[in-house]
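Hi,

Here is the structure I promised to pass on. Have a look at it first, and my notes follow below.

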Amino acid sequence: MPAAPTDRHEVTPIATERLSETLVMPARSSLFHVIDPRVFERSLLDELCDLATRVRLLAKTDAGARTLHDLLPTRRAMLYFTQPSTRTFLSFSNACHILGMRTSEIRDPSTSSEVKGESFEDSIRTFSSYVDVIVMRTKESGRAAQAAKLMNTIPRPVPVINAGSGSDQHPTQALLDIYTLDRSFEPQGGIDGKVIGMMGDLKRGRTVRSLCYLMKNYKGVKLVFIAPDQFAMEPDVKAYLDQHRIPYTETTDLASVLPSLDAVYVTRMQTEWDTAGESRAVDLTRFSIGERELKLLKRDAIVMHPLPRGPEIDPVIDQDPRAMYWRQERNGMWMRVAVLIKIFGAEPRITLPDL
Ligand code: NCD
């Protein structure tokens with residue numbers, strides 16, 4: 001029997017509401033651009049970690065994976081990566097695919113109209129004409145921020161996610177690092193109160209810079225910087241830590257601090273920024289972890305690394321339960337799924353029994 005006109009009339013507003021819910025851009029109030037880790041508050045970090053865990057558990061079954069795949073099938077992402085990337089590119093690409101999103105990519109700037117002299121702004125605006133989110137990595141600092149600023153002035157802004165901006169920031173890496181720390185320290189009451197070492201090229205490594213910024217969200221955390229003098233943590237980050245009363249110490253002697261650490265976040269020499277072979281002057285054996293160093297580390301401490309690794313982590317320790325970097329790498333995909341879900345406001349549709 002055909003529906004009475006009044007019924008149809010009643011249904012219309014709900015249908016319209018659903019339509020607008022699906023098609024409008026995400027509300028600015030939840031999560032839109034992901035540019036600078038300093039804006040992240042503890043409640044959002046906890047929510048993203050919880051969401052990443054739900055997604056990770058859901059993806060273990062075919063039915064769950066299909067639920068995820070049905071979440072954002074109408075959304076498209078631009079992956080604009082003009083600086084080399086393996087993990088960040090692949091984890092974002094696969095995060096999109098897990099959610100049923102489609103992706104376009106530019107990885108080689110010589111294939112974009114930038115070589116014809118198109119401005120950075122015009123290129124970004126063009127990407128935004130075709131997609132719903134732009135994920136970008138550039139060699140220059142500040143480019144993602146510049147793109148986000150442009151988006152805020154145009155009629156159809158799309159969110160911009162900074163997937164690494166020069167030697168400056170790498171916010172989604174910091175989020176996945178927090179997720180890894182949070183998961184690893186779950187039996188020990190979480191990240192609060194932990195002693196976290198950061199080692200290697202702290203001056204030019206963007207991952208440690210971004211992770212330091214997120215530390216303001218955790219009570220009683222102490223940081224230990226282990227770096228050659230010429231690659232020590234930069235004053236801007238130290239000033240931020242001082243301002244937020246996050247205690248840190250600096251040393252060049254790994255062995256003397258290893259027993260006190262709950263986590264050691266190892267990084268490689270960022271040789272791509274060398275202008276006169278500066279990295280070669282460093283005795284890397286003093287800033288490396290192998291079997292000998294593991295003997296000095298607590299039994300329940302963890303070793304992290306954003307990867308790719310150089311000689312600073314001996315592969316023989318990969319089998320040690322404290323070696324967390326391969327899990328950290330996979331966590332990156334779940335955290336990026338969580339970030340995309342949050343940006344598009346789809347988190348209410350992730351249903352799982354309470355964890
Ligand atoms: C890092 C990066 O690109 O900043 N890698 C990554 O994103 N996993 C770290 C590095 O290259 O040293």
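Let's begin with Gly200. Setting aside its neighbours within four places in sequence, Gly200 is in contact with Ile226, Ala227, Pro228, Phe231, Thr267 and Met269. Bear in mind that this is a predicted model. Gly200 sits in a loop, the one between β5 (195-199) and α8 (206-214). Its relative accessibility is 2%, and since anything under 20% counts as buried, Gly200 is therefore classed as buried.

Next up is Met78, which you'll find in strand β1 (residues 76-81). Met78 has a relative accessible area of 5%, so it is buried too. Again leaving out neighbours within four places in sequence, the contacts of Met78 are Ser104, Glu105, Ile106, Phe127, Val131, Val133, Ile134 and Val135. From Met78 to Ser93 you go 15 residues along the sequence, and the two are 9.4 Å apart in space, C-alpha to C-alpha.

Now for a pair of helices. The axes of α4 (residues 87-98) and α12 (residues 325-343) come within 8 Å and cross at roughly 50 degrees. That angle falls in neither the roughly parallel range (under 35 degrees) nor the roughly perpendicular one (65 to 115), so α4 and α12 are oblique to each other. The crossing of α4 and α12 is right-handed. On the α4 side, the contact is made by Arg87, Thr88, Ser91, Phe92, Asn94, Ala95, Cys96 and Ile98. From α12 come Glu329, Gly332, Met333, Trp334, Arg336, Val337 and Leu340. Sorted by type, the residues in this contact between α4 and α12 are 8 nonpolar, 4 polar and 3 charged.

Last one: how many of the 14 residues of α7 are buried? The count is 12, so this helix is mostly covered. The buried residues of α7 are Pro171, Thr172, Gln173, Ala174, Leu175, Leu176, Asp177, Ile178, Tyr179, Thr180, Leu181 and Ser184. As for its length, α7 (residues 171-184) reaches 20 Å from its first C-alpha to its last, close to the 20 Å expected at 1.5 Å a residue.

Cheers

Notes:
Residues are numbered from 1 along each chain as its sequence is written. This is a predicted model: local features need pLDDT of at least 70, side-chain atom pairs count only at pLDDT 80 or more; totals for chains, interfaces and linings use all residues. Side-chain values use heavy atoms; hydrogens and water are left out. Axes are lines fitted to C-alpha atoms, for helices over the stretch in contact, and angles run from 0 to 180 degrees between N-to-C directions. Helices (H or I, at least four residues) and strands (E, at least two) are DSSP runs, numbered from the N terminus. Angles under 35 degrees count as roughly parallel, over 145 as roughly antiparallel, 65 to 115 as roughly perpendicular and the rest as oblique. A crossing is left-handed if the near helix is turned anticlockwise from the far one by less than a right angle, and right-handed if clockwise. Contact means heavy atoms within 4.5 Å. Ala, Val, Leu, Ile, Met, Phe, Trp, Tyr, Cys and Pro count as nonpolar, Asp, Glu, Lys and Arg as charged, and the others, Gly among them, as polar. Buried means under 20% relative accessible area, exposed over 50%, partly exposed in between (1.4 Å probe, protein chains only). The expected span of a helix is 1.5 Å times one less than its number of residues.
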